[in-house]
Every structure is written in structure tokens, then in C-alpha cells.
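Have a look at the model first, and then we can go through the packing step by step.

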Amino acid sequence: MQNYIAGRWYDEDDSLISALITGVLNGESVYEVVRTYNGLPFAFRKHFDRLKRSAALMSMEVPFTCKELNSIILEGIDKNRPSPSGDLRIRIVLFGNGENVLPAVIYALLPSVSKDIYELGVKIAISPYTKPSGAIVDPRLKIPGASWNIRTRKNLGDNYDMIILNEKGNVCEGSFSNVFLVKDGRVITPDIGSGVLPGITRDNLIGLCRSIEINVVERPVAAWEMFSADELFLTHTSVGIVPIRKLEEKILIEDFTDGMTRLLLDNFEDYIMTEDSNWSGL
Ligand code: PLP
């Protein structure tokens, strides 16, 4: 792979970022992860806007316009795409360095998703780590050093992800995903006030529900509600919708041939591929 770092392309083995950069030394950095579909960066404008907001919350400026960053991303896709059908996961990191901001764009193959995930669902649990209140860390900030996410990921065991609660003990999100409940035909997800990262897949899922007239509610969600839900699923960029079979030791659902999660899975790709806001605004 070829990676873009502070104005130059490097072979993967030479992509070493100097430890002298302030952002590396003191954690002054923000990031985004973008994926491609058929070689095109998905929802790039939305990722760029979220990156810009994270950067602003760290008093950093993004050293590109959306269009400039998009052309670097496209150049790297051209250099790194393994085959016409291969897709990539692209991590964009901004490091603060005094008055400057140094960008790095790191390419990797998009891991292939086992069909079992969609057909059998995954196991999740509740994380022992809590996301700090918005008064301490702005929940919209996407930063590499979020200890509650890092520690949750290190302790996953046989769980796909773990649900992190907020400072009130309500449901917040996974360490790399947003969470949705299905109850009595409604789709429910913690609202932005619950401290969630405004996930781009979450946003698309809400849009999909509205487009097919499924009642979708954003509100505070108590942790016990997950145990009485009819269905649960996660959303995140690289996989989309992830059905949940088991929460802690409780089996929720064993058969994903019908139900709300199946309906949403069946319609998701069509929705995101045709929803204009995922492909415009560059
Ligand atoms: N919540 C957290 C803490 C995340 O790190 C992520 C993705 O990395 C998400 C939610 C899902 O966001 P998206 O759908 O934009 O990938």
C-alpha cells in the first residue's frame, strides 16, 4: 500500500510518522475512517464535515477543502486498489504540530465480512467502561485516544463489540458502532443527547427507516430496555448493519430470516447507493 503523509506518498514500510510531531507526542489528533464501495469513497462529504467538527473541537484547522482531500483520497484509491472489485478502508488522521496540522491518509484492504454475521448475528455485552459526560469530552469528537473505547476493544473476548453506557447509566454506543433496538415494530436508538458519536451509518439507517415508513425514535434508552428488546443491531461504516443474536447470556433471536433487522438489511444497500447525500457535496 502507498500512504499519504504530510504532502508525500510513502511505501507502507516507510510510512513512519515522526515521534517529534506534537500530535504524536501529546495526542493532539483527530481521525475519520472512510470506506469505498466499488472504488468510490462512501459519504465523503459527511466524513469530511465530521472531521472538520472534530478538528474544530481540538482548535485545529483541516488543511484542505473537501474537494482537495477527496482528490488525495481518489489518487490513493487508484494507487492501492487491489482489483476492480476490491474495496478499501481509508483512515484519515490529522496531527497537530504547533501552528500546523499534518495529515496522514492510511490505506488498508476492507476486511471481508463473513456471511455468518448477517445470517447468524453476533454476540455483544455491556462494557465495564463508561463514556464521560459531554461536559468532559464532547461526544462528537472522533479521537484515537478515547480510553473507554480502547479498553472496551481490548476486553472484547468473544463479543463482537460491547455497549458503553453514558454517565447516567443509559445506553450510549459500541466502541466502534452505534446501537439500535427494535420494540413493538419501532426502531429506537439513543439520541445525540445520550452522548453518541453521530455515526454516518446511524444517520443512513434513520434515513432508510423514514424512507420506508418505519417508525424510528431517537431518545434516551435505559440499559434494561436492551434486555427486553425484540431485536437489537449495531451499525458501523465497514460492515453496515450487524444483527445481534445474543446480549450477554441472553439469546434474543436465533433466526434472521424475517423481522425488522432482516427488512432493514434487505433494503440498506439500495438505500445508501441511491441516497444523493452519500455521493454529493464534494
Ligand atoms: N461510535 C463510535 C465510538 C465509533 O468509533 C464509530 C465508528 O468508528 C461509530 C459509532 C460508528 O460510526 P460510523 O457509522 O460513522 O462508522
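The C-alpha centres of domain 1 and domain 2 lie 26 Å apart. Domain bounds come from an automatic or database domain assignment, which gives 2-109 for domain 1 and 115-275 for domain 2. This is a predicted model, where local features need pLDDT of at least 70 and side-chain atom pairs count only at pLDDT 80 or more, while totals for chains, interfaces and linings use all residues. Residues are numbered from 1 along each chain as its sequence is written, and side-chain values use heavy atoms, with hydrogens and water left out.

**Domain interface**

- Domain 1 brings 19 residues to the contact and domain 2 brings 18 residues, with contact meaning heavy atoms within 4.5 Å.
- About 1800 Å² is buried between domain 1 and domain 2, and 61% of it is on carbon and sulfur atoms; buried area is the accessible area (1.4 Å probe) that two parts lose on being put together, summed over both.

**Helix 2 with helix 6**

- Helix 2 (residues 44-57) packs against helix 6 (residues 200-211) at about 130°, and their axes are 10 Å apart.
- Helices here are DSSP runs (H or I, at least four residues), numbered from the N terminus, and axes are lines fitted to C-alpha atoms over the stretch in contact, with angles from 0 to 180 degrees between N-to-C directions.
- Helix 2 and helix 6 are therefore oblique to each other; angles under 35 degrees count as roughly parallel, over 145 as roughly antiparallel, 65 to 115 as roughly perpendicular and the rest as oblique.
- Lys46, His47 and Arg50 of helix 2 meet Ile200, Asp203 and Asn204 of helix 6.
- This contact of helix 2 with helix 6 has 1 nonpolar, 2 polar and 3 charged residues; Ala, Val, Leu, Ile, Met, Phe, Trp, Tyr, Cys and Pro count as nonpolar, Asp, Glu, Lys and Arg as charged, and the others, Gly among them, as polar.

**Helix 6 with helix 8**

- The axes of helix 6 and helix 8 (residues 260-274) come within 10 Å and cross at roughly 105°.
- That makes helix 6 roughly perpendicular to helix 8.
- The contact of helix 6 with helix 8 divides into 7 nonpolar, 5 polar and no charged residues.

**Helix 2 with helix 3**

- Helix 2 and helix 3 (residues 66-80) pack at about 120°, with axes 11 Å apart.

Technical notes. Helices (H or I, at least four residues) and strands (E, at least two) are DSSP runs, numbered from the N terminus.
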